Amino acid sequence: MENAITDADIITELKVMNDEKIEDAFYRNLEFGTGGLRGVIGAGTNRMNIYTVAKASQGLANHLKKSVEKPSIVIGYDSRIKSDVFAKVAAGVFVANGIKVNIWPVLMPVSTVSYAIRYLHASAGVMITASHNPSKYNGYKVYGSDGCQITTEAAKVIFSEIKKLDIFKDVKNSDFETEIANGNIQYISEEVYTTFIKEVKNQSLLYGDKVDKSVAIVYSPLNGTGLKPVIRVLNEMGYSNITIVKEQEQPDGNFPTCPYPNPEIKEAMELGIEYAKECDADLFLATDPDCDRVGIAVKNRDEKYELLTGNQIGMLLLDYICGQRQKHGKMPGDPVMVKTIVTMDMAEQIASHYGLQTINVLTGFKFIGEQIGYLEQQGKVSSFVFGFEESHGYLTSTYIRDKDGVGAAYMICEMFSFYKTKGVSLLEKLEELYRTYGYCMNTLHSYEFDGSAGLTKMQSIMKVFRGDIKKFGNKKIINLLDYELGLDDLPKSNVLKFLLEDNCSIVVRPSGTEPKIKVYISVSAENKRIAESVETELLKSVEEYLK
């Protein structure tokens, strides 16, 4: 405690901690992985605070100095509690180590960090965010010079540098405001932001097709970073009939009306749907706090608003993009679609229909960005047509190397208005896809295991799943894919995929960013009613192993 004297909040917290809280806060160091750092904000080595952020920054700085002659870095931050503070602390560490710092002057979406790294030819990037987690969390995402989140090997190297450091003695610091005044830390210019917006607008696939842009849209940035860039893009592309959810309009890391600010879940979308009802809107659109995920709700035949899953949105976008490219002769040679192994397999059928090769990667958009890099090395970067993951992350081109909620929000609005002009709703278009490729349902279920006891419990559960299980419900297991063995040339990862009879599957994996085990269930069936019944039966069987 005698060393932690810089942050008054931490001093106050340390003074009142009981033994149980001390155990949870200090039982381990916050682990640095492919997602960087993510944890609860507070005092302790297992927490996000100015000391753990500074230590991680020093480790990254040491790595950059060893691998790059004149290193530079891009820093961004979102609306979360202490995001701006952590960004400035990181900047002070990097500049104290002789690394040139470029920082966004205001909070920005995560995609602008990926974009600015490549635009400014920086060596690396850091985004302070915990994405869609509850307000008590924050995080520290690291990007490489390619604008892609670091993957497994890079994370190991950086983590090895971090582990060498004493959190107080070995970290260099410099005052942010002083270094700004001296010009050693520079704010990223408006020109970079405007060029990013231009790249997003260039994603349009209308190629002269006329659509009704007067559609009524309700939008919520869920108190995050999406407001200015999303509204700017939509307005500049002709969408002006937009109502913003007032309570969720301005940045607020407490997320007062959406405690779990994730557009994947109903609770976060409820207020926006109420707005949509009041406005009789055509489309409700929401982005998460760092604006890399997008969720939507549209009217069904009963005039009620229905949330679409990340898989459904992704399949609709894939079909729209491919259809427009094919219609206008814009499909590249050797076209490629990249998705994660937990994303709906039906997407592969759509891709195949249009002549696209599908590349399946591990969970995490960083692995999709990595594939774009491989295509670039082969001189085939233009072959990339679309990348998506079931957790509402989409990328329609290669201007960045991470999912982009700004670009996805725009493309969803364009797709929606394109079909509406033809008198077709997104749900009707989805039904058409099911008729063509067969009905498929994917669901995600998360189970939380907090603290050191929770970590032990999760490890035990994964061992049980690797045991001799013959079936789930009434479905026999045909094959078990254990990605910890390094399957299909993919990095080793603690992920299990059970292939079941009747083209069903179950994926079980611990989250890389939260104390959770995630279960993904995929069911193919004649119709929705049968699929729901099978899914319920499978889930009940899986949950027996989670107790």
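1. Ser 131 is buried, at a relative accessible area of 2% (buried is under 20% relative accessible area, exposed over 50% and partly exposed in between, with a 1.4 Å probe and protein chains only). Ser 131 sits in the loop between β4 and β5, and its phi is positive, about 55 degrees, although it is not a glycine.

2. Before going on, a word on what we're looking at: this is a predicted model, where local features need pLDDT of at least 70 and side-chain atom pairs count only at pLDDT 80 or more, while totals for chains, interfaces and linings use all residues. Residues are numbered from 1 along each chain as its sequence is written, and side-chain values use heavy atoms, with hydrogens and water left out.

3. Pro 134 is in the loop between β4 (124-128) and β5 (137-143); helices (H or I, at least four residues) and strands (E, at least two) are DSSP runs numbered from the N terminus. Leaving aside residues up to four places away in sequence, Pro 134 touches Arg 80, Pro 259, Tyr 260 and Pro 261 (contact means heavy atoms within 4.5 Å).

4. Asn 223 is another non-glycine with a positive phi, about 60 degrees. You'll find Asn 223 in the loop between β7 (217-220) and α9 (227-236), buried at 2% relative accessible area.

5. Now for α14. Its 17 residues reach 24 Å from first C-alpha to last, close to the 24 Å expected at 1.5 Å a residue (the expected span is 1.5 Å times one less than the number of residues). Of those 17 residues, 15 are buried, so α14 is largely enclosed by the rest of the structure.

6. Asp 404 caps the N-terminal end, with a side-chain oxygen 3.0 Å from the backbone nitrogen of Val 406. Following α14 comes Gly 423, with a positive phi near 80 degrees.

7. Last, the packing. Helix α8 (residues 190-201) and helix α14 (residues 405-421) pack at about 35 degrees with their axes 9 Å apart; axes are lines fitted to C-alpha atoms, for helices over the stretch in contact, and angles run from 0 to 180 degrees between N-to-C directions. In this pair, Phe 196, Val 200 and Lys 201 of α8 meet Val 406, Gly 407 and Tyr 410 of α14. The contact residues split into four nonpolar, one polar and one charged (Ala, Val, Leu, Ile, Met, Phe, Trp, Tyr, Cys and Pro count as nonpolar, Asp, Glu, Lys and Arg as charged, and the others, Gly among them, as polar).

Notes. A polar contact is a pair of N or O atoms within 3.5 Å; within protein, one must be able to donate a hydrogen and the other to accept it, and residues adjacent in sequence count only if both atoms are side-chain atoms.
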